[in-house]
Amino acid sequence: MQMKNIVIGNNKQKSSMIAFGVIPRLLQFLLDESVPPELKLESAVVLGSLAKGTRDNIQALVDAGAISVLLREMNHPNMKYVEACLRCLRTIFMSSVAPIDYIYQDPGCVPHMISIMCKSTCLQECVTTILANCCKNMEQQVILCSSGIISALALFIASEIYAIQMPALRCFSVLCFQNQQVSMAVATATHNGRPVPNLLASCLARDKTTDMQMQAAKCLTYLSRAGAIEPSDQLVSHKTLPALIRLCKQDKTWEERVEAAETLAYLIEVDVTLQRTTAISDHILETLAEYFRYPGCPLDATLMPTKKDDIVVGNELRQAAFKAYASLGANDEDIRKKIIETEHLMEHVVNGLSDPVTKVQLAAVRCLHSLSRSVQQLRTSFQDHAVWKPLMKILHSASDEVLVVASSTLCNLLLEFSPSKEPMLELGAIDLLVTLTKKEDPALRLNGIWALMNLAFQAAQKLRSQILSGLGTDQLFRLLCDRDVNVLLKTLGLLRNLLSSKPHIDQMMTIHGTQIMQAVILILEGDHPVEVKEQALCILANVADGDKAKDFIMMNEDVLKKIMNYMIHSDVRLQIAATFCISNLIWSEEEGANERQTKLRELGAQKLLQQLLSTSDTVLFDK
């Protein structure tokens, strides 16, 4: 009792006691069955007090093996003692130093914790908090779900006892995050006839605390994103969405505003209807603009922060606003226009691209990527603010995480109609993109080859030669064997764009014809998706459009038979592409047409074309 009084509320005394080696002695009292229950209880209380000290104090408890001892003692018949053990465990598991795998080592541990929860309010609060903090991946989500936690959490939310409702909501949110299986189980569960999602929605009411509204909104957001609740469901569109917009308002704390904006961004990220509804709801665009007016993130030097904390807060607010704007502008041109017209928004984005804080920089790049989908803005605002300058700097020095989003944005800025294209080429965009195609990360390889494909579209012969020279035939054909199907598709797209006019086709095939034909044949013979084979056939169709290049196909009877086989394929897309190849080969106005027609007629192409006239597909019929 004296030790308990000494350490309560005094971190210095806690550290001193730990230094004297008190933890092993207290744990021994817990393990010794001959020790009276009263001493066990007091020992557990002291351990709980030590856990409320510094991070080093908690680490000392973990290192001494306190977690395994406390978990073992959950089986004790004395509930007051069990509560003291779980209070200590709760404090430990709320720390970042806690090894959360401990509770999963014994398969019976989690089910036992859930089974004893209903014995007291203290146990409900402690166990739910522990489990919420020990759920970090899909495997752990499934274990908790299969142990019966959903029905227990539903009971707690319906209880109206705030102290257990809040940890129950937090537990629901980590359970459902990016897990369709668990989310479906939650969405279909009921308590006393009420669906669990409806219980969650009841916590969004304005008379509930802001923290409760936030946690309930996160739960319903994760259920929606996992596909367990449709975005059009009123629980999402009429309850969750308005609550999150309300929580972004200036009367909330900065932490609440950040969490609300980030959750809102995640909720609407992939659904255009939610994006459009949000954009016209309660002045959200102006509300988010206020995030940039905090002293930690001004454009006006007179508002520069004087405290380090202001800078930290300003960074958090900025990155949250960037994320929300990125989701809002993901699909709708009118919304993008409104976002860009928001006062000083583009200046904030451009500044964010050069921000030393990675979190802010990444969010700014995501926002820019979303806005770069607008043809109109590429030609106006993006050019006015020369966004390509900081973007090119990022591409030379950023982390891979930032590089993936920045290179996706680059793909849009290098489209044929973009004014940013020429200055970026002068700054060495081709060499940069070639470097990306050699990266380990498939997302970076994809963006590199995608941007090169965009550059090659309707490009002059000089630029096409620069692309091919920079990439090199070895790397081009290495990409044609890439294990990522998206990289392969875009490489074929690049090749198709390089072979897109008669002079270019003949020049390319004169130099690289043998390798190109080998690559196309390998793809047509390989086990590839229809989309990939369609691109390969389209390349052959382009080759067939050349004057001299046609010979690469006509002199290879095996290739001709492959094309004809695809004319009777079960997938109409391949039939269309193959028929287009034949059409280009037999074009009557070109030299040697009669000889090519005769050869294809002898191989049976004319009969196949006559068969295809019975097709119900209008595009194939026209071909």
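Where does UniProt place the feature "transmembrane region"? The unreviewed UniProt entry puts it at residues 142-164. Keep in mind throughout that this is a predicted model.

**View 1. The stretch at residues 142-164, which the UniProt record labels "transmembrane region".** In the model, this part of the chain is 78% helix and 0% strand. Go from one end to the other and the end C-alpha atoms sit 22 Å apart.

**View 2. Helix H12, residues 149-158, is mostly covered.** Seven of the ten residues in H12 are buried. Here's who they are: Ile149, Ile150, Ala152, Leu153, Ala154, Phe156 and Ile157. After H12 comes Glu160, which has a positive phi, near 70 degrees.

**View 3. The largest pocket holds about 510 Å³ of space.** Its lining takes in 18 residues, and those nearest the centre are Ala265, Glu269, Lys323, Ser327 and Arg366. Helices H16 (210-225), H18 (254-268), H21 (308-328) and H24 (358-371) each give two or more residues to that lining. By type, the lining of the largest pocket splits into seven nonpolar, four polar and seven charged residues.

**View 4. The second largest pocket has a volume of about 280 Å³.** This one is lined by 14 residues, with Thr129, Ala132, Asn133, Arg170 and Val174 lying nearest its centre. H10 supplies the largest share, five residues. Sort the lining of the second largest pocket by type and you get five nonpolar, five polar and four charged.

Key: Residues numbered from 1 in each chain as written. Predicted model: local features only at pLDDT ≥ 70, side-chain atom pairs only at ≥ 80, totals over all residues. Heavy atoms only, no water. Buried < 20%, exposed > 50% of the residue type's maximum accessible area, 1.4 Å probe, protein only. Helix = DSSP H or I, 4+ residues; strand = E, 2+ residues; numbered from the N terminus. UniProt positions renumbered as here; feature names shortened; annotations may be inferred. 1 Å grid on protein atoms, 1.4 Å probe; cavity = no way out; pocket = protein on both sides within 12 Å on 5 of 7 lines; lining within 4 Å. Points joined across faces, edges and corners; volume = space filled by probe spheres on them. Nonpolar A, V, L, I, M, F, W, Y, C, P; charged D, E, K, R; others polar.
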